[in-house]
Amino acid sequence: MSVVVVGSVAFDSIKTPTGSIDETLGGSAVHFSLAASLFGPVRLVGVVGSDFPAEHRDLLSSRGIDLEGLETVEGGETFRWSGEYHRDMDQRDTLSVELNVFEDFEPKIPRSYRGGNFLFLGNGSPVTQASVLDQMDNAPLVVVDTMDLWIQTARSELESLLGRVDLLVLNEQEASLLSDEKNVVKAGRIIQKMGPRFVVIKQGQHGSLISHRGGEVSLPALPLAEVEDPTGAGDSFAGGMLGALSRASSSDLDSLKVSVAWGTVTASFCCQGFGVAGILSADRELLQERFEQYRKMIDLGTASIPQLAP
Ligand code: AMP
């Protein structure tokens, strides 16, 4: 089974306390695809201008990412984003956004992508996200990402989209804004009532919370001594999670827990290099090795556990 992703393809300019980079390959669909491609085939839907170089296409194709759905607007310019991180790498300021060809993007899903694949609707207008869902014949699992901009400017469209999706992935601040609730557990429960079976709330270096019909599951982040650049960590997390779910061809709670663990480990690679360099430094062997480390870290081991009650 493949994963279909719809999202931004960008040139990112990034500053962090350890360095900076200009106009590097980025965008939600790119970070997601590179992460998900470590698990299996990925089909990308996005838009670029004629300034998008062949070497970027070649890189994505070389990772098994199908680019039939990548539209090129002749004479147009690719989406550009710039951001800066301060000492606390969980906080980022957006310095500029030039939507360019992304502004009028109307995703067209190639016929070959439409049936039977898991779908990731990357951060975008909920109206555009709904138009993608309308074009899919049958997606056994639909996962959607959103951000504060859409919660503030298109809440009713977002709420009607949430009635049609299986899983919403968002960060803690976005969850609090959407639910009007500061407590993350209560926020997850409120959002679930809006429609999705599962809500995955990303808490940066504090890990993530899965809110499901029967309660909550919390998984820690993989502790990293050095973080170069967290740009794309959220999308890499989603890519690893959906890649793992699609490889298991399953979307029950047990599979989701394991997949969130894979997403966590995948995102840790993203943070260790600028732009896409971090995720590109991963291969299946390194990812597997790090997953085993993570698994050991969350295992309570074999020490005897005191019984306090009969
Ligand atoms: P993340 O760090 O996971 O939130 O994702 C960062 C990526 O999102 C960057 O590569 C940006 O190019 C992309 N991005 C930033 N703002 C937007 C936006 N408004 N719509 C779509 N993609 C965006």
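**Exercise 1: the ligand shell**

In this predicted model, the ligand is surrounded by 18 residues, and the closest are Ser8, Asp12, Gly27, Arg92 and Gly232.

Task: Describe the polar contacts of the ligand, its burial and the make-up of its shell.

Solution. 

Step 1. Start with a side chain: an N or O atom in the side chain of Asp12 is 2.4 Å from an oxygen atom of the ligand.

Step 2. Turn to the backbone. A polar backbone atom of Gly27 is 2.7 Å from an oxygen atom of the ligand, and a backbone N or O atom of Gly234 lies 3.1 Å from a ligand oxygen.

Step 3. Taken alone, the ligand exposes 510 Å², of which the protein buries 87%.

Step 4. Assign the shell to elements. Strand S2 (10-16), strand S6 (79-85) and helix H8 (233-248) each give two or more residues; H8 gives the most, with three.

Step 5. Sort the shell by residue class: seven nonpolar, eight polar and three charged.

**Exercise 2: Thr78**

Task: Where is Thr78 placed, and is Thr78 buried or exposed?

Solution. 

Step 1. Locate the residue: Thr78 is in the loop between strand S5 (65-73) and S6.

Step 2. Check the accessibility. The relative accessible area of Thr78 is 0%, and buried means under 20%, so Thr78 is buried.

Step 3. List the surroundings. Leaving aside residues up to four places away in sequence, Thr78 touches Val9, Ala10, Phe11, Val48, Gly49, Asp51, Phe52, Asn100 and Val101.

**Exercise 3: aromatic pairs**

Solution. 

Step 1. The count is six aromatic pairs.

Step 2. One of them is the stacked pair of Phe32 and Phe120, with 4.3 Å centre to centre and 5° between the planes. Phe32 is in helix H1 (residues 28-36) and Phe120 in strand S8 (residues 118-121), so distant parts of the chain, 88 residues apart, are linked. Phe32 is buried at 0% relative accessibility, and Phe120 is buried with a relative accessible area of 0%.

Step 3. Trp262 and Phe291 also form a stacked pair, at 3.9 Å centre to centre and 10° between the planes. Trp262 lies in helix H9 (residues 253-270) and Phe291 in helix H11 (residues 284-298), so this pair ties together parts 29 residues apart in sequence. Trp262 counts as buried at 14%, and Phe291 at 9%.

Step 4. Ring pairs link Trp262 and Phe291 with Phe39 into a cluster.

Technical notes. Residues numbered from 1 in each chain as written. Predicted model: local features only at pLDDT ≥ 70, side-chain atom pairs only at ≥ 80, totals over all residues. Heavy atoms only, no water. Near = heavy atom within 4 Å. Polar contact = N/O pair within 3.5 Å; in protein donor to acceptor, adjacent residues only side chain to side chain. Areas by Shrake-Rupley, 256 points an atom, 1.4 Å probe, with all protein chains shown as cover. Helix = DSSP H or I, 4+ residues; strand = E, 2+ residues; numbered from the N terminus. Nonpolar A, V, L, I, M, F, W, Y, C, P; charged D, E, K, R; others polar. Buried < 20%, exposed > 50% of the residue type's maximum accessible area, 1.4 Å probe, protein only. Contact = heavy atoms within 4.5 Å. Phe/Tyr/Trp six-rings, centres within 6.5 Å; stacked < 30°, edge-to-face > 60°.
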